[in-house]
Amino acid sequence: MSHGTHGLEAAAEGTRWPARVLALASICGAAGDDEARQAALGDLWTLIHLGIARYVRSHAGRLGPVSAEDVRDIAADKTLALMRKLEAGEWSPAHGDDRQLCAFLSTLARNGLVDHLRRAAAAHPRPAGAGSPADGGEPRPHEAPSRALFRIVFPRALLDCLAGLSPRARRIWFLRTFYDLPSKTISRDAGVRISSAAVDMTLARARVALRVCMRHKGFDAHELPPGTFVAVWEAIEGSR
């Protein structure tokens, strides 16, 4: 029997969630009722995602600050990778115990956070000897022509990458990104109509696909220039 998202969140906040993950993994690995297996997969996604997110926040206290959105992204990336391995038969938490599972997820969370912090540092290096205006340092001038071109090209690249998503995935991404709607609300949208757990999985896959696509085009999907949201919103809402 599938638990609601609220119940899963309560389990994740307590001490029983690792045991619940192991039980769900056994259901997923068993032959038989496909409907029960799909429900278990959805619950398993939610619990693993919540668990990894908790570990990311815990490690961030020692390794470096991270935003709530980044915590969700890191947890989603790691959870998606695990679910793919689970579906391929390459990994199963049912083969271990509670302590092993927690240690494994904690390590995944730490590695994901370290990678994120390294990317953030590489994307925004601080020149040696340079200070902020508050430190008395002189701000470096921006190259206006290149930044102006960047503001034009980036939204076009993002729209091109969004076109590669399915209509449902694009709708889910749009509703979360622009309206910050919770998964339960998005699941009831006329263009979505899937479970909230499926919304989370689809959103994670969409974010990974967009990140890869934008990197192939030479852009960092996290570096949104001014005007990007307006251009994308007008393009998507205009097409509707």
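User: In what order do the elements of the chain run from the N terminus on?
Analyst: Happy to start there! This is a predicted model, and its secondary structure comes to 10 helices and zero strands. From the N terminus on, the order is therefore written with helix symbols, strands being defined as separate runs. It reads α-α-α-α-α-α-α-α-α-α.

User: What share of the 240 residues in the chain is buried?
Analyst: A residue counts as buried when its relative accessible area is under 20%. Across the 240 residues of the chain, the buried share comes to 38%.

User: Among contacts between residues at least 6 apart in sequence, what percentage join residues at least 24 apart?
Analyst: Here we look at residue pairs with heavy atoms within 4.5 Å. Among the contacts in the chain between residues at least 6 apart in sequence, the part joining residues at least 24 apart is 70%.

User: What span is expected for α5 at 1.5 Å a residue?
Analyst: Helix α5 covers residues 98-123, and it has 26 residues. From its first C-alpha to its last it reaches 37 Å, which is close to the expected value of 38 Å.

User: At the start of α5, which residue has a side-chain oxygen that reaches to the backbone nitrogen of Arg99?
Analyst: Look at the start of α5, where the backbone nitrogen of Arg99 has a side-chain oxygen within 3.3 Å. That oxygen belongs to Asp97.

User: Is Leu105 buried or exposed?
Analyst: Leu105 is found in helix α5. Leaving out residues up to four places away in sequence, it touches Trp17, Ile48, Ile52, Tyr55 and Leu82. Its relative accessibility is 0%, so Leu105 counts as buried.

User: How far apart in space are Leu105 and Thr79, C-alpha to C-alpha?
Analyst: In sequence, Leu105 and Thr79 are 26 residues apart. In space, their C-alpha atoms are apart by 9.3 Å.

User: Which residue has a side chain joined to that of His116 by a polar contact?
Analyst: His116 lies in helix α5, and it counts as buried because its relative accessibility is 13%. Leaving aside neighbours within four places in sequence, His116 is in contact with Val66, Asp70 and Ile74. The polar contact, at 3.3 Å, joins the side chain of His116 to that of Asp70.

User: What does Leu50 count as, by its relative accessibility?
Analyst: Leu50 is found in helix α3, residues 34-63. Buried means under 20% and exposed means over 50%. At 22% relative accessibility, Leu50 therefore counts as partly exposed.

User: How is α4 oriented to α9?
Analyst: Helix α4 spans residues 68-87 and helix α9 spans residues 196-216; their axes are 9 Å apart. The angle at which they pack is about 100°. Angles of 65 to 115 degrees count as roughly perpendicular, so α4 is to α9 roughly perpendicular.

User: How many charged residues does the contact of α4 with α9 have?
Analyst: On the α4 side, the contact is made by Glu69, Asp73, Ala76, Asp77, Leu80, Arg84 and Glu87. On the α9 side, it is made by Ala204, Arg205, Arg207, Val208 and Arg211. By class, there are four nonpolar residues, no polar ones, and a charged count of eight.

User: How many nonpolar residues does the contact of α7 with α9 have?
Analyst: Helix α7, residues 167-179, packs against α9 at about 90° with the axes 9 Å apart, which means that the two are roughly perpendicular. From α7 come Ala169, Ile172, Trp173 and Arg176, and from α9 come Val199, Asp200, Thr202, Leu203, Ala206, Arg207 and Leu210. Besides one polar and three charged residues, the nonpolar count is seven.

Note on methods
Residues are numbered from 1 along each chain as its sequence is written. This is a predicted model: local features need pLDDT of at least 70, side-chain atom pairs count only at pLDDT 80 or more; totals for chains, interfaces and linings use all residues. Side-chain values use heavy atoms; hydrogens and water are left out. Axes are lines fitted to C-alpha atoms, for helices over the stretch in contact, and angles run from 0 to 180 degrees between N-to-C directions. Helices (H or I, at least four residues) and strands (E, at least two) are DSSP runs, numbered from the N terminus. Angles under 35 degrees count as roughly parallel, over 145 as roughly antiparallel, 65 to 115 as roughly perpendicular and the rest as oblique. Ala, Val, Leu, Ile, Met, Phe, Trp, Tyr, Cys and Pro count as nonpolar, Asp, Glu, Lys and Arg as charged, and the others, Gly among them, as polar. Buried means under 20% relative accessible area, exposed over 50%, partly exposed in between (1.4 Å probe, protein chains only). A polar contact is a pair of N or O atoms within 3.5 Å; within protein, one must be able to donate a hydrogen and the other to accept it, and residues adjacent in sequence count only if both atoms are side-chain atoms. The expected span of a helix is 1.5 Å times one less than its number of residues.
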